[in-house]
Structure formats: C-alpha cells, structure tokens
Amino acid sequence: MTTDDAAAPGWLVLLDIDGTLVWRASKAHAQAVVAAIHEVHGPVELRPVDAAGMTDRRIVRAMLRGAGIDDAAIDADMDRILPIAPGR
C-alpha cells in the first residue's frame, strides 16, 4: 500500500435487508413475535422495547428479560420461538 492508496476515498456500503434499520418493523411482525413468545412461554406480561435495528433474537431476549425471565430459560426456548414468528 502506498501513501496515495491510504488517502484515497473509499466506499462503505450498508445493507438493510429487512428494512428495520431505516423503517420500523411492521405491526404485524411485532404481533407475530409477541404471539410466538406467548405460545412458548404462556401469558407472560411483556413490555414494549425499542426494537429499531435489533434482530428478532435480541428483541425476544429484551422482551423476556423485561418480563423477569432469566437468560437460561430464554436460551433454552429461543430456538422454539424464532421459527414460529415468521409463520404467523
């Protein structure tokens, strides 16, 4: 690499595949995630989370932590919750 290469402008391309970084997730998607959590964990009291830019996995974890569920229980059920939401 020469000093000229180091000073050359570069490009950074960011992809927002599902639109959640630029736009909020749809209401239907949020309802599907909540329904999937209730299907696996029963009628737990969930609080809203600011989910902008978060993956479904992080959203589910934040919601369940807010409901007082410990990480071990969340980890044990995560792979059951995530496949349910897209099918709703």
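Let me start at Leu 64. Setting aside neighbours within four places in sequence, Leu 64 is in contact (heavy atoms within 4.5 Å) with Ile 37, His 41, Val 44, Leu 46, Ile 69, Ile 74 and Ile 81.

Some ground rules. This is a predicted model, where local features need pLDDT of at least 70 and side-chain atom pairs pLDDT 80 or more, while totals for chains, interfaces and linings use all residues. Residues are numbered from 1 along each chain as its sequence is written, and side-chain values use heavy atoms, without hydrogens and water.

Now the layout. The protein has four helices and zero strands, in the order α-α-α-α. Helices here are DSSP runs of H or I, at least four residues, and strands are runs of E, at least two, numbered from the N terminus.

Of the 88 residues, 26% are buried, meaning under 20% relative accessible area with a 1.4 Å probe, protein chains only.

Next, the core. A nonpolar core is a set of buried Ala, Val, Leu, Ile, Met, Phe, Trp, Tyr and Cys residues joined through side-chain atoms within 4.5 Å. The largest one has 17 residues, and Leu 64 is among those with the most contacts inside it, as are Val 33, Ile 37, Val 60, Met 63 and Ile 81. Helix 2 (27–41), helix 3 (56–66) and helix 4 (71–81) each give two or more residues to this core. Helix 2 gives the most, with five.

Last, Val 13. Is Val 13 buried or exposed? Val 13 is exposed, at 63% relative accessible area, where exposed means over 50%. Val 13 sits in the loop between helix 1 (3–7) and helix 2.
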